[in-house]
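Subject: Handover of a structure and notes on it

Dear colleague,

Please find below the structure that I am handing over to you, with its sequence.

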Amino acid sequence: MNSNQAPDHDFRFRGKIKDYEKTLIKFFIDIGKNKDTPAKIQEILGYLIIHDKLSQSNLRELTGYSSGTISATLGNLVELGVVQKERIASSNMNLYSKIGDLPKIFETSSEVSIEQFTLISKFMESKLNELEEYKGKEGYKILRTQLNVLLDGYKKVMKITPSMTKMLSDN
Amino acid sequence: MEDEEDTYDDKVRKIEKEIVEHLIKSPIYSTRNEITTKILIYIMLRKEITQHLLKHLTGYSSGKISQELNNLVDSGMIIRKKIPGIRRKIYTFESVEQISTARIKNIIAAMLKWQDHLDKMKNEMETKRSKLETMNGYDNIMKVIDFYLPAIKIYEKFSESLEIK
């Protein structure tokens, strides 16, 4: 399929295949519950994983969510770098897809995590400096200690993430 | 520990609030439920906190906070402690690594729960291949199952390595 043309597959599955699709969506939602990810995000990501590329109207029909909900959720996912959008040639419509091929999804998300943990750590370090102005004030000591605990913890978590990615890529 | 009111200095509390708001918007946390995330971040920043103080800091109702705290305790991410002489319980956490590890383990446990189901689905699709493979979407479904089934096994192995550590 040309990357910027409308999907050439019919996104409406039928019969037994539709049942399998519904089961996979339940699977994605259930996994999401344990990541504290709202069901609507998991549902939309699930359909993008199954179909590769979908438009907002395809997603509206598949999920039953309103245009506003679909648009806001996709906007958020694009901003986070989880989903990408591309313009369909000679139309005003966009197609949305999950970034990366399936096996690359975990690599991409771990790269994003490390990048984000680094950004968070920098922000926290700047807040630690700001906090020094209030040395001796009530709450100063606990917040300072906890920010250092979090900074140290993020460093350790950043070490775990690549080892999971390596296990996935080694298999 | 005084649990009836927040004794923090206003300026310190302002910095704390800015950190909470910043973390909630970060991609690390922003795809998660905002209420859970806000509660979890306050627990990490205060080290130990009562439900009463969480209500004061977040503005959420007691019922909502209670429900979220129960879920976080059940998932192994935070700890509920009873302090002698104080009627209210306090909520704390072991370490950032413990929170991340508990979260990863919960996701893997949920995936393992689905392993048999996905296995059966794959077997059924292969058994009835001649009838199903011409149907629209067969390859799409098979591609997803063929990715997740081996991935679940790898996650299981990873979960075991976390136990060892």
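**The sheet of chain B**

In this predicted model, B:Ile79 has B:Thr92 in β3(B) as its bridge partner. That bridge belongs to the pairing of β2(B) with β3(B), which is antiparallel and runs over four bridges. The two strands form a hairpin, with six residues between them. Within the turn, B:Gly85 has a positive phi of about 90°.

On the other pairing, β1(B) joins β3(B), residues 89-92, in the antiparallel sense over three bridges. Here B:Ile90 in β3(B) stands opposite B:Thr50.

Taken together, the three strands of chain B make an open sheet in the order β1-β3-β2, with antiparallel pairing. Its edge strands are β1 (48-50) and β2 (79-82) of chain B, each of which pairs on one side only. On average, neighbouring strands of this sheet are turned by 35° against each other, direction ignored.

**Chain A**

The secondary structure of chain A consists of six helices and two strands. Read from the N terminus, its elements follow the order α-α-α-α-β-β-α-α. Chain A has 171 residues, of which 25% count as buried. Where contacts in chain A link residues at least 6 apart in sequence, 48% of them join residues at least 24 apart.

One helix pair within this chain deserves a description. Helix α3 (residues 56-63) of chain A packs against helix α4 (residues 67-79) of chain A at an angle of about 120°, and their axes are 10 Å apart. Because of that angle, α3(A) is oblique to α4(A). The crossing of the two helices, α3(A) and α4(A), is right-handed. From α3(A), the residues A:Gln56, A:Leu59 and A:Arg60 meet A:Ser67, A:Ile70, A:Ser71 and A:Leu74 of α4(A). By type, the residues of this contact comprise three nonpolar, three polar and one charged.

**The contact between the chains**

How many residues does the contact take from chain A and from chain B? Chain A contributes 55 residues and chain B contributes 48 residues. On the side of chain A that touches chain B, the elements giving two or more residues are α1 (15-33), α2 (39-51), α5 (105-131) and α6 (140-170) of chain A. Of these, α6(A) gives the most, with 14 residues. This side of chain A is made up of 31 nonpolar, twelve polar and twelve charged residues.

A helix pair across the two chains can be described in the same terms. α1(A) and helix α6 (residues 96-127) of chain B have axes that come within 9 Å and cross at roughly 170°. An angle over 145° counts as roughly antiparallel, and α1(A) and α6(B) are therefore roughly antiparallel to each other. Which residues meet in the contact of α1(A) with α6(B)? From α1(A) they are A:Tyr20, A:Thr23, A:Phe27, A:Asp30 and A:Ile31, and from α6(B) they are B:Ile107, B:Ala110, B:Met111, B:Trp114 and B:Met121. Eight of the residues in this contact are nonpolar, one is polar and one is charged.

With kind regards

Notes. Residues numbered from 1 in each chain as written. Chains lettered and ligands numbered in written order. Predicted model: local features only at pLDDT ≥ 70, side-chain atom pairs only at ≥ 80, totals over all residues. Pairing = 2+ DSSP bridges. Axes fitted to C-alpha atoms, helices over the stretch in contact; angles between N-to-C directions. Contact = placed C-beta atoms within 7 Å. Nonpolar A, V, L, I, M, F, W, Y, C, P; charged D, E, K, R; others polar. Parallel < 35°, antiparallel > 145°, perpendicular 65-115°, else oblique. Left-handed = near helix turned anticlockwise from the far one by under 90°. Buried ≥ 20, exposed ≤ 12 C-beta atoms within 10 Å, placed from the backbone.
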